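Biologist: I am new to this structure. Please show me how to read its features.

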Amino acid sequence: MGNYFGKLFKVITFGESHGVALGCVIDGCPSKVKITPSIIQEFLNKRKPGQSQFTTSRDENDTCEILSGVENGITLGTPIAILIKNKNQKPADYDDINNVFRPSHADYTTFVKYGVTAKSGGGRSSARETVGRVAAAAVAKSFVKQNFANIEIISFVDRIYNIQAQVDTNKVTEQEVEESLIRCPDKQAEVLMKEKILAAKAEGDTLGGVVCCVIRNVPTGLGEPVFDKLEANFAKAMLSLPASKSFEIGSGLAGTYLTGSEHNDEFYLDAEKNIHTKTNHSGGIQGGISNGMPIVFKVGFKPVSTIFKKQNTITKQMEEINFTPQTGRHDSCVLPRAVPLVEAMAWLVLAEHILRRQKNHL
């Protein structure tokens with residue numbers, strides 16, 4: 001099972017949705033990187049459940065414990081193990097699904113591949129797994145910022161269902177995003193999105209949408225020209241997230257409607273002789289390598305698969321049935337909590353490619 005991400009900054013996650021604990025092991029983080037439980041906790045608090053009426057009601061503190069690889073607030077260069085214990089797992093809430101292949105879930109495919117599934121919830125396919133990624137991303141961010149202090153990553157809810165936000169990616173701030181309970185900095189769109197989420201929740205239904213991510217002050221030269229293009233690694237990272245279904249960078253699909261003369265990003269020199277582009281249709285990456293412009297991409301998330309409506313499905317005994325979940329705690333819309341997940345995976349990609357750059361410059 002593919003439980004690790006990265007080649008030089010390697011992250012392995014472990015644990016199931018309703019098991020005793022989850023966490024990660026980070027192998028390859030250099031020594032002398034400042035990291036403390038409070039730094040990791042700040043990241044975990046952004047993704048934890050139960051934050052508002054717009055997310056799952058599961059109550060988890062997601063308190064982290066550093067088991068190895070860190071002493072006196074700095075990394076030792078050895079594997080870093082981080083543990084997050086579950087305290088609010090309720091396996092009984094999922095008794096009715098243990099014998100059922102839930103529509104659009106991973107139950108069926110996991111059962112076919114391994115011959116067994118986790119007794120409760122989605123196991124490794126659950127969004128609960130991402131707690132380990134976020135803990136690892138806190139370490140990745142500390143490493144990245146130690147090398148390039150000006151890099152910043154800001155993600156926000158760009159669209160929920162058919163409600164599109166209007167946000168200037170050149171100006172949006174983290175404070176504006178975090179002031180919103182659903183992490184949408186467009187106040188008018190936020191009101192409509194909240195209403196739509198609560199309406200879907202009341203009907204036992206769910207909603208999908210898009211998260212936009214902008215990465216500023218990225219140095220030129222990160223990435224590889226062929227199979228490990230920077231955008232390819234971002235795409236793999238984002239599409240590894242639960243419920244993610246699409247990835248677009250720069251102009252994305254819209255760029256396919258333009259001519260080359262309309263789409264090309266022309267270069268120019270500023271007063272200090274620094275190279276910039278007049279437009280950023282490339283999304284900050286050309287030929288698989290960062291060009292110094294902001295990296296901008298969007299990740300599409302499907303509606304959460306657990307809905308409280310009657311559906312047709314199959315049991316493990318190969319019987320067709322009508323099925324409606326009786327209990328369970330699920331997000332009616334995953335977008336607000338997907339924002340820190342997108343940021344987390346982006347920090348992991350940057351950490352990987354900065355390490356590659358350092359290795360090449362040795």
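The dialogue below takes up a core, a strand and a helix pair.

Modeller: This is a predicted model, in which local features need pLDDT of at least 70, side-chain atom pairs count only at pLDDT 80 or more, and totals for chains, interfaces and linings use all residues. Residues are numbered from 1 along each chain as its sequence is written, and side-chain values use heavy atoms, with hydrogens and water left out.

Biologist: Which residues touch the most other members of the largest nonpolar core?

Modeller: In soluble globular proteins, nonpolar side chains tend to be buried together. A nonpolar core is a set of buried Ala, Val, Leu, Ile, Met, Phe, Trp, Tyr and Cys residues joined through side-chain atoms within 4.5 Å; buried means under 20% relative accessible area, with a 1.4 Å probe and protein chains only. Here the largest core has 76 residues, and F9, I26, I82, I215, F234, M238 and F297 touch the most other members. Helix α8 (residues 335-361) gives the most to this core, 15 residues; helices are DSSP runs of H or I, at least four residues, and strands are runs of E, at least two, numbered from the N terminus.

Biologist: Why is strand β7 described as largely enclosed?

Modeller: Five of the six residues of β7 (residues 80-85) are buried, so the rest of the structure largely encloses this strand. Strands pair if DSSP finds at least two bridges between them. Strand β3 (residues 21-27) pairs with β7 in the antiparallel sense over six bridges, and L22 stands opposite I84. Strand β4 (residues 64-68) also runs antiparallel to β7, joined by four bridges.

Key: Buried means under 20% relative accessible area, exposed over 50%, partly exposed in between (1.4 Å probe, protein chains only).
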